Amino acid sequence: MELTLLGTGAPRGLPRPGCPCAACASAVGDEARAATALLVDGALLLDLTPGPAFAAARAGHSLTAVRQVLLSHPHDGPAMEVPAGLPQPGRVADGRELALLDGHRVRAVAVDVPGTGYEVGGADGERLLYLPPGAAPAGAAEGEGGRGVRPYDMVLLDVLGRPDALARLRASGAVDAATDVLGVHLDHTVPPGPELHRRLAAAGARTVPDGTSLLVGEYHAVPDLPRRTLVLGGARSGKSAEAERRLAAFPDVLYVATGGTRDGDTEWAARVSAHRERRPASWRTTETCDLLPLLEGGARPEDRTGGPAAQAAPDDSPLLIDCLALWLTHVMDEVGAWDDGKWAAGGERELRARVDELVAAVRGTRRPVVAVSNEVGSGVVPATASGRRFRDELGRLNAMFGAECEHVLLVVAGQALALRG
């Protein structure tokens with residue numbers, strides 16, 4: 001199947017009409033996007049973009065051969081033009097299948113927002129899935145004849161607005177490492193250009209300019225997803241949010257909170273609560289500083305809510321560690337690092353051994369890992385010896401941990417700067 005993307009933007013397009021925001025101001029050239037609309041083999045049109053005939057002409061196509069126009073969502077953008085001779089647009093009831101005269105098969109897929117997704121199959125067995133803006137599949141993915149779920153060749157969805165939709169598809173097996181995942185319905189919530197492409201790549205997805213034609217099932221190099229990532233940043237820099245975004249499109253993430261609880265500290269409780277509310281509901285959480293068994297892929301730990309006991313099978317789900325600075329504080333407490341005498345009498349040696357063990361476990365892990373840590377070396381020199389000791393040891397830990405990671409990011413004022421990868 002040949003797929004031409006007449007538009008890749010949100011229903012109101014990008015830039016939004018009359019919007020003065022920075023993202024809209026910079027959405028020019030290839031980063032300007034009409035409302036998402038897909039032309040399949042010149043015969044099937046999924047959704048409409050304003051001026052569809054002109055959009056098709058710019059892409060080198062005509063709409064004269066279109067035999068079916070299907071809408072995926074209630075239209076709230078600019079007025080739609082239905083060119084003369086084009087079939088009247090319609091919707092398909094959830095679960096219903098259409099067999100088109102040109103050999104395509106279309107199945108309507110139920111979604112969790114008003115609208116309908118469409119699975120399109122070609123004559124040679126290739127398959128794509130298209131979801132409307134802000135949508136995820138409703139319910140579990142269906143297998144074929146009891147044989148389980150077969151991965152799609154291509155999936156087009158609102159990756160940035162609904163990363164959990166991509167996580168569900170991955171969990172069901174409908175998206176695997178060979179699936180070409182395209183971000184569509186792109187809006188002004190993420191700056192266009194390098195930042196847009198970086199965020200999509202972190203989710204294992206990509207996007208293309210309006211008018212691009214692709215062959216469904218043709219090999220495309222999917223974005224290279226790192227096994228290990230270290231996210232550094234100062235206080236309130238956005239480092240935790242960046243780390244969480246990098247795993248939001250993946251299923252069954254284990255969130256490792258190294259800070260624990262602090263009785264009577266309402267400000268700390270508020271911080272912890274804000275972090276929990278931001279996480280996807282499907283994520284598991286454990287509060288521990290015992291990182292070695294997790295990095296080694298041991299059995300699943302009991303979660304913070306007293307969930308099921310550890311299973312016998314090794315756990316290879318993604319791991320988010322937040323944060324290394326609190327892990328270091330815990331270890332320094334255990335080795336007596338704050339006392340000069342204990343530090344000199346073996347505390348320093350024990351701390352270095354614990355850090356070496358952690359770094360070795362990171363080097364050998366087979367789990368995807370995203371770790372968060374504070375960058376404290378650029379601020380004021382601490383006034384106390386213990387403060388300077390912590391700053392120095394955290395700097396060493398960050399450097400050693402980062403040396404084992406494919407990606408290292410520094411987050412400043414909410415902006416992620418790639419230091420490696």
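1. Thr116 belongs to strand β7, residues 116-121, where strands (E, at least two residues) and helices (H or I, at least four residues) are DSSP runs numbered from the N terminus. With a relative accessible area of 2%, Thr116 is buried; here buried means under 20% relative accessible area, exposed over 50%, and partly exposed in between, with a 1.4 Å probe and protein chains only. Leaving out residues up to four places away in sequence, Thr116 touches Ser72, Arg91, Val92, Asp94, Ala108, Val109, Val111 and Pro132, contact being defined as heavy atoms within 4.5 Å. The C-alpha atom of Thr116 is separated by 9.1 Å from that of Pro137, 21 residues apart along the chain.

2. On provenance, this is a predicted model, in which local features need pLDDT of at least 70 and side-chain atom pairs count only at pLDDT 80 or more, whereas totals for chains, interfaces and linings use all residues. Residues are numbered from 1 along each chain as its sequence is written, and side-chain values use heavy atoms, with hydrogens and water left out.

3. Ala138 sits in the loop between β8 (127-130) and β9 (154-157), and its relative accessible area of 37% makes it partly exposed. Apart from residues up to four places away in sequence, Ala138 touches Ala110, Val111 and Asp112, while the C-alpha atoms of Ala138 and Val109, which are 29 residues apart along the chain, are separated by 8.1 Å.

4. Axes are lines fitted to C-alpha atoms, for helices over the stretch in contact, and angles run from 0 to 180 degrees between N-to-C directions.

5. The axes of α8 and α10 come within 10 Å and cross at roughly 125°. That makes α8 oblique to α10, given that angles under 35 degrees count as roughly parallel, over 145 as roughly antiparallel, 65 to 115 as roughly perpendicular and the rest as oblique. In this contact Leu324, Ala325, Trp327, Leu328, Thr329 and Met332 of α8 meet Arg389, Phe390, Glu393, Leu394, Leu397 and Phe401 of α10. The residues of the contact divide into nine nonpolar, one polar and two charged, where Ala, Val, Leu, Ile, Met, Phe, Trp, Tyr, Cys and Pro count as nonpolar, Asp, Glu, Lys and Arg as charged, and the others, Gly among them, as polar.

6. Helix α9 (residues 340-364) packs with α10 at an angle of about 20°, the axes being 10 Å apart. That makes α9 roughly parallel to α10. The residues that α9 brings to this contact include Trp343, Leu351 and Arg352, and those from α10 include Arg389, Glu393 and Met400. By class, the contact of α9 with α10 has nine nonpolar, no polar and six charged residues.

7. Some backbone values deserve a check, because most residues other than glycine have a negative phi, and most peptide bonds are trans. A cis peptide bond joins Leu14 and Pro15, with omega about 5°, and the bond from Asp322 to Cys323 is also cis, with omega near 10°; Cys323 is placed in the loop between β15 and α8. Asp41, a residue other than glycine, has a positive phi near 50° and counts as partly exposed at 36% relative accessibility. His185, which is not a glycine, has a positive phi of about 55°, and at 6% relative accessibility His185 counts as buried.
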